[in-house]
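Subject: Structure handover and notes

Dear colleague,

Please find the structure below, followed by my notes on what was found in it. I would be glad if you could read the two side by side.

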Amino acid sequence: MNLFKSDYFENMDLADIRDKVDAGERLSFEDGVRLFQCPEPLAVGALAHRVRTRLHGDKAFYVVNRHVNYTNVCVNGCVFCAYQREEGQTGGFVLTREDVLAKLEAAPLPPREVHIVGGCHPKLGLAYFEDILSAVRERYPNAVLKCFTAVEIAHFAHLEGISTREVLSRLKATGLGMLPGGGAEIFAPKIREQLCPRKATADEWLAIHEEAHGLGLKTNGTMLFGHIESIEDRVDHLVRLRESQDRGGGYTCFIPLPFLTENSQLKIDNPLTGLEELKTIAVCRLMLDNIPHIKAYWVMLGVKQAQAALKFGADDFDGTVVEEKIGHEAGADSQQGLSRSELEDMIRGCGCTPVERDGFFNEV
């Protein structure tokens, strides 16, 4: 089937959206809902691929990075989380500064990006994190330190009795360059109340990212989808993130994260299909017209699905990772890490040109 025949998008009731996409016009909330309701994922994917190609050609980015999770002890107890442990519970852990450095030094390649996140531990003060960042920056002065979700920043501020802006300023002074996008989940208050009632609210999450942008820090955004949210909740999430980017910029990349059901307490009657995952990635590319990059996060998607996502609007394949705990605790069955050559072969295998980048998407 020729996806670009003149009547194809008319038959899918997407002709007006196609015209907006081709003209570079912003899609509305209603447009986003219609894209999700479209019965043909390939039509939505074709539109997203037009945008992805217009922005990046056939390039697909990747980074030599290293994930480090410093603790799984967390006070939030989110319903969906398989990673969290209570303080003193069997299996709980906290890494020392030396542990973090040892993990980084054991990586096959020196990282260009260091990704550090963990649970909201009730007793780890800000000095612990300043000490870790200072040590990592000293050891890897050229790496981008992408550390601590907005939820963690809010937690640090609560423990210290200071503002989130002060937390960000202190961490920036010790090496922080970026915030990852975790903790966004779904912004809709009713859904958030069911999933993660103790976690920072959507408004707080957005405000912290905008504070970070004001301080010159870059950030990422995420959306956890495929649980109890509606398609309207997904579109609302994307529109709110787009509006946040309009207010000052700073979001570099957006990562759609499919909900993994295997080890979660939250049981879903109709788990996501592969095509639903791809359609959602495509809608994210189409709605987020002011965020330059969409990540196909192979850890959560699986490598083959991440390859397919590069034809559904995504342009970034993440990176080497080396070790990842949160997604794998939830049930991800992907490898723990990939080599540079494996990443490049996978990207070439789906007809794209691999481009190595740093944490800020500067080509290297």
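A residue is called buried here if its relative accessible area is under 20%, exposed if that area is over 50%, and partly exposed in between, with a 1.4 Å probe and protein chains only. Because this is a predicted model, local features need pLDDT of at least 70 and side-chain atom pairs count only at pLDDT 80 or more, while totals for chains, interfaces and linings use all residues. Residues are numbered from 1 along each chain as its sequence is written, and side-chain values use heavy atoms, with hydrogens and water left out.

As to the overall form, the chain has 364 residues and a radius of gyration of 20 Å, which agrees with the value near 21 Å that a compact globule would have; the radius is taken over C-alpha atoms, and the globule rule is 2.2 Å times the number of residues to the power 0.38. The C-alpha trace spans about 60 × 45 × 40 Å along its principal axes, and 60% of the 364 residues count as buried.

The chain contains 16 helices and 10 strands, these being DSSP runs numbered from the N terminus (helices H or I, at least four residues; strands E, at least two). Seven of the strands form an open sheet with parallel pairing, in the order β2-β3-β4-β5-β6-β7-β8, where two strands pair if DSSP finds at least two bridges between them. The edge strands, each pairing on one side only, are β2 (65-69) and β8 (293-294).

Strand β2 runs parallel to β3 (residues 113-117) and is joined to it by five bridges, with H67 opposite H115 and N69 opposite V117. Although β2 is an edge strand, five of its five residues are buried: N65, H67 and N69 point one way, and R66 and V68 the other. In a regular strand the side chains alternate between the two faces of the sheet.

Elsewhere, L27 lies in the loop between α2 (15-23) and α3 (29-37), and is buried, with a relative accessible area of 3%. Leaving aside residues up to four places away in sequence, L27 touches I17, K20, V21, L35, R242, L286 and M287, a contact meaning heavy atoms within 4.5 Å. L27 and M287 are 260 residues apart in sequence, yet their C-alpha atoms are 6.1 Å apart in space. Across the chain, 76% of the contacts between residues at least 6 apart in sequence join residues at least 24 apart.

With best regards
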